[in-house]
Amino acid sequence: MLAGPATCLEVARERLGDVVHHERAGETLLVRPDGHLAWRGPSNPERLTAWLNEVLGVPATPRRTARS
(Lines give C-alpha, C1' and ligand atoms only; values in the text may rest on other atoms or scores of the structure.)
Protein backbone atom coordinates (compact mmCIF):
# COMPACT_ATOMS: atom_id res chain seq x y z
CA MET A 1 0.00 0.00 0.00
CA LEU A 2 1.26 3.43 -0.87
CA ALA A 3 -0.10 6.52 0.89
CA GLY A 4 1.06 9.55 -1.05
CA PRO A 5 0.73 11.32 -4.39
CA ALA A 6 -0.01 9.61 -7.70
CA THR A 7 3.50 10.44 -8.97
CA CYS A 8 4.97 8.14 -6.32
CA LEU A 9 2.34 5.52 -7.10
CA GLU A 10 3.60 5.27 -10.68
CA VAL A 11 7.11 4.52 -9.40
CA ALA A 12 5.85 1.93 -6.90
CA ARG A 13 3.71 0.12 -9.46
CA GLU A 14 6.53 0.07 -12.00
CA ARG A 15 8.84 -1.68 -9.52
CA LEU A 16 6.41 -3.61 -7.29
CA GLY A 17 3.40 -4.44 -9.45
CA ASP A 18 -0.15 -3.89 -8.25
CA VAL A 19 -0.13 -1.43 -5.35
CA VAL A 20 -3.14 -0.14 -3.42
CA HIS A 21 -3.10 3.65 -3.28
CA HIS A 22 -4.43 6.18 -0.80
CA GLU A 23 -3.97 9.84 -1.71
CA ARG A 24 -2.16 11.58 1.13
CA ALA A 25 -0.57 14.98 1.71
CA GLY A 26 2.80 15.25 3.42
CA GLU A 27 5.24 12.35 3.58
CA THR A 28 4.78 9.25 1.45
CA LEU A 29 4.41 5.90 3.18
CA LEU A 30 5.06 2.54 1.56
CA VAL A 31 3.54 -0.25 3.66
CA ARG A 32 4.38 -3.94 3.17
CA PRO A 33 1.57 -6.50 2.79
CA ASP A 34 2.18 -7.65 6.39
CA GLY A 35 1.47 -4.13 7.66
CA HIS A 36 5.04 -3.08 8.43
CA LEU A 37 6.26 0.30 7.22
CA ALA A 38 8.79 -0.29 4.45
CA TRP A 39 9.62 3.32 3.57
CA ARG A 40 8.71 6.78 4.79
CA GLY A 41 10.00 9.80 2.99
CA PRO A 42 9.30 12.97 1.07
CA SER A 43 6.60 12.86 -1.59
CA ASN A 44 9.23 12.87 -4.29
CA PRO A 45 9.25 10.11 -6.93
CA GLU A 46 13.04 10.40 -7.42
CA ARG A 47 13.67 9.68 -3.72
CA LEU A 48 11.36 6.66 -3.80
CA THR A 49 13.08 5.41 -6.97
CA ALA A 50 16.50 5.79 -5.34
CA TRP A 51 15.38 3.82 -2.28
CA LEU A 52 13.80 1.06 -4.38
CA ASN A 53 16.99 0.84 -6.46
CA GLU A 54 19.04 0.54 -3.28
CA VAL A 55 16.83 -2.17 -1.80
CA LEU A 56 15.87 -4.11 -4.93
CA GLY A 57 18.77 -3.27 -7.22
CA VAL A 58 18.70 -1.25 -10.38
CA PRO A 59 16.41 -2.77 -13.02
CA ALA A 60 18.20 -4.38 -15.91
CA THR A 61 17.94 -2.74 -19.29
CA PRO A 62 16.97 -4.96 -22.19
CA ARG A 63 19.89 -6.07 -24.32
CA ARG A 64 19.93 -5.04 -27.92
CA THR A 65 20.96 -7.67 -30.35
CA ALA A 66 22.55 -6.89 -33.68
CA ARG A 67 20.74 -8.50 -36.57
CA SER A 68 22.41 -9.05 -39.88
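Which residues is Thr28 in contact with, leaving aside its neighbours within four places in sequence? Keep that residue in mind; the tour comes to it after the overall layout.

**Whole chain**

The model is predicted. Show the protein chain as a cartoon and look for two helices and four strands. Traced from the N terminus, the elements run β-α-β-β-β-α. Colour by accessibility next: of the 68 residues, 26% count as buried. Among contacts with a separation of 6 or more, residues 24 or more positions apart account for 35%.

**The sheet**

Select the strands. The four of them form an open sheet in the order S2-S1-S3-S4, with mixed pairing. Strand S2 (21–22) and S4 are the edge strands, each pairing on one side only. In general, strands of a sheet pair through backbone hydrogen bonds, either parallel or antiparallel.

Go to S3 and its two partners. With S1, strand S3 pairs in the antiparallel sense over two bridges; here Ala3 has Leu29 as its bridge partner. With S4, strand S3 is again antiparallel, over four bridges. Step along that side: Leu29 stands opposite Arg40, Leu30 stands opposite Trp39, and Val31 has Leu37 as its bridge partner.

Now follow the chain from S3 into S4. The hairpin has five residues between the strands, and Gly35 takes a positive phi near 90 degrees there.

**Both sides of S3**

**Thr28**

Select Thr28, which is in strand S3 (residues 28–31). Its relative accessible area is 0%, so Thr28 is buried. To answer the opening question, display what surrounds this residue: beyond its neighbours within four places in sequence, Thr28 is in contact with Leu2, Ala3, Gly4, Pro5, Cys8, Trp39, Arg40, Gly41, Pro42 and Ser43. One of these, Ser43, also joins its side chain to that of Thr28 by a polar contact of 2.8 Å.

**Cys8 and the core**

Setting aside neighbours within four places in sequence, Cys8 is in contact with Leu2, Thr28, Ser43, Asn44, Pro45 and Leu48. Cys8 also belongs to the largest nonpolar core. To see the whole set, select Leu2, Cys8, Leu9, Val11, Ala12, Val19, Leu30, Trp39, Leu48 and Leu52, 10 residues in all. Helix H1 (6–16) and H2 each supply at least two residues of this core, and H1 gives the most, with four residues.

**The tryptophan pair**

Select the aromatic rings; the structure holds one aromatic pair. The ring centres of Trp39 and Trp51 are 6.3 Å apart and the planes are at 35 degrees, so the pair is tilted. Planes under 30 degrees apart would count as stacked, and over 60 as edge-to-face. Where do the two partners sit? Trp39 is in strand S4 (residues 37–41) and Trp51 in helix H2 (residues 45–56), so the pair ties together parts that are 12 residues apart in sequence. Trp39 has 10% relative accessibility, so this residue counts as buried; the cut-off for buried is under 20%.

**After H2**

The last stop is Gly57, in the segment after H2. Gly57 has a relative accessible area of 25%, so it is partly exposed. Apart from neighbours within four places in sequence, Gly57 is in contact with Arg15 and Leu52. Leu52 was already selected as part of the largest nonpolar core.

Definitions and conventions: Residues numbered from 1 in each chain as written. Predicted model: local features only at pLDDT ≥ 70, side-chain atom pairs only at ≥ 80, totals over all residues. Heavy atoms only, no water. Phe/Tyr/Trp six-rings, centres within 6.5 Å; stacked < 30°, edge-to-face > 60°. Buried < 20%, exposed > 50% of the residue type's maximum accessible area, 1.4 Å probe, protein only. Polar contact = N/O pair within 3.5 Å; in protein donor to acceptor, adjacent residues only side chain to side chain. Contact = heavy atoms within 4.5 Å. Core = buried A, V, L, I, M, F, W, Y, C linked by side-chain atoms within 4.5 Å. Pairing = 2+ DSSP bridges.
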